[in-house]
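Dear colleague,

I am passing on the structure we spoke about, and below it you will find my notes on what was found. Please read them with the model open beside you.

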Amino acid sequence: MKKEYKDKLMWAAQNKAELSSLNNKLKKTKPNKLDEVAHRSHDNAFKKIDCLQCANCCKTISPAIYERDIDRLAKHLRIKPSAFIDAYLLKDEVGDYVMKSQPCPFLDSENYCMVYESRPTACREYPHTDRKRFFQLLDLSLKNTEICPAVADVFQELKKVYS
Ligand code: SF4
Ligand code: SF4
């Protein structure tokens, strides 16, 4: 990962307590323009950050993988869904399927996703900072400041606007 991206994660780690209080405040007050601010920060963050220079999500966490994802991925790989489950998945503590191993087995050495057109929905939507009703994703996003430099950037902007 580029140093510049590592620095963003480090900034979030160093400001963890402050970001956590900000997160609690935003959950309580649900500011009207929170979606607007988060979405604008998300777009700005991804103008500067190139996922191919990072891939930290694919390297360190697994998406939740649902039945439709399994069917699509199994079809892509031309194997049966049951064979896909046996080869790649296990159930997490809440009963969702996740990848057996990290980095994701479909991440290649240049950070490309080898199943890109068939990747799980959660991969398509990560890091979720452009979703509607963002206040519902605040806890998850706070956790993602440890993984995704773009989310760290979004929190940096939230801190500027709402602290
Ligand atoms: S979504 Fe975030 S963690 Fe994943 S590759 Fe892009 S910048 Fe990195
Ligand atoms: S399926 Fe592709 S996008 Fe999803 S975690 Fe694996 S490599 Fe990353």
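**Overall architecture**

From the N terminus on, the order of elements in the protein is α-α-α-α-α-α-β-β-α-α-α, which amounts to 9 helices and 2 strands, where helices (H or I, at least four residues) and strands (E, at least two) are DSSP runs numbered from the N terminus. The radius of gyration, taken over C-alpha atoms, is 17 Å, close to the 15 Å that the globule rule gives for 163 residues, so the protein is as compact as a globular protein of that length; the rule itself is 2.2 Å times the number of residues to the power 0.38. Along the principal axes, the C-alpha atoms fill a box of roughly 50 × 35 × 25 Å.

Please bear in mind that this is a predicted model, in which local features need pLDDT of at least 70 and side-chain atom pairs count only at pLDDT 80 or more, while totals for chains, interfaces and linings use all residues. Residues are numbered from 1 along each chain as its sequence is written, and chains are lettered from A and ligands numbered from 1 in the order in which they are written.

**Helix 9 and its partners**

The axes of helix 1 (residues 3-14) and helix 9 (residues 149-162) come within 8 Å and cross at roughly 50°, the axes being lines fitted to C-alpha atoms, for helices over the stretch in contact, with angles running from 0 to 180 degrees between N-to-C directions. Helix 1 and helix 9 are therefore oblique to each other (under 35 degrees counts as roughly parallel, over 145 as roughly antiparallel, 65 to 115 as roughly perpendicular and the rest as oblique). Their contact (C-beta atoms, placed from the backbone, within 7 Å) is made by Tyr5, Lys8, Leu9, Trp11 and Ala12 of helix 1 and by Pro149, Ala152, Asp153, Phe155 and Gln156 of helix 9. These residues divide into 7 nonpolar, 1 polar and 2 charged, with Ala, Val, Leu, Ile, Met, Phe, Trp, Tyr, Cys and Pro counted as nonpolar, Asp, Glu, Lys and Arg as charged, and the others, Gly among them, as polar.

Helix 3 (residues 34-48) also meets helix 9, the axes coming within 9 Å and crossing at roughly 135°, which makes helix 3 oblique to helix 9. On the helix 3 side the contact involves Val37, Ala38, Ser41, His42, Ala45 and Phe46, and on the helix 9 side Ala150, Asp153, Val154, Glu157, Leu158 and Val161; by class they are 8 nonpolar, 2 polar and 2 charged.

**The two ligand shells**

Ligand 1 is surrounded (C-beta atom, placed from the backbone, within 6 Å of the ligand) by residues including Cys51, Cys54, Cys57, Tyr126, Pro127 and Cys148. Helix 4 (56-60) and helix 9 are the elements that give two or more residues to this shell, whose classes are 11 nonpolar, 1 polar and no charged residues.

Around ligand 2 stand Cys58, Pro63, Cys104, Phe106, Leu107, Cys113, Val115, Arg119, Pro120 and Cys123, a shell of 9 nonpolar, no polar and 1 charged residues.

**Backbone details to check**

A cis peptide bond, with omega about -5°, joins glutamine 102 and proline 103, and proline 103 lies in the loop between strand 2 (97-99) and helix 7 (121-125). Another cis peptide bond joins tyrosine 126 and proline 127, with omega about 10°; proline 127 is placed in the loop between helix 7 and helix 8 (138-144).

Technical notes. Contact = placed C-beta atoms within 7 Å.
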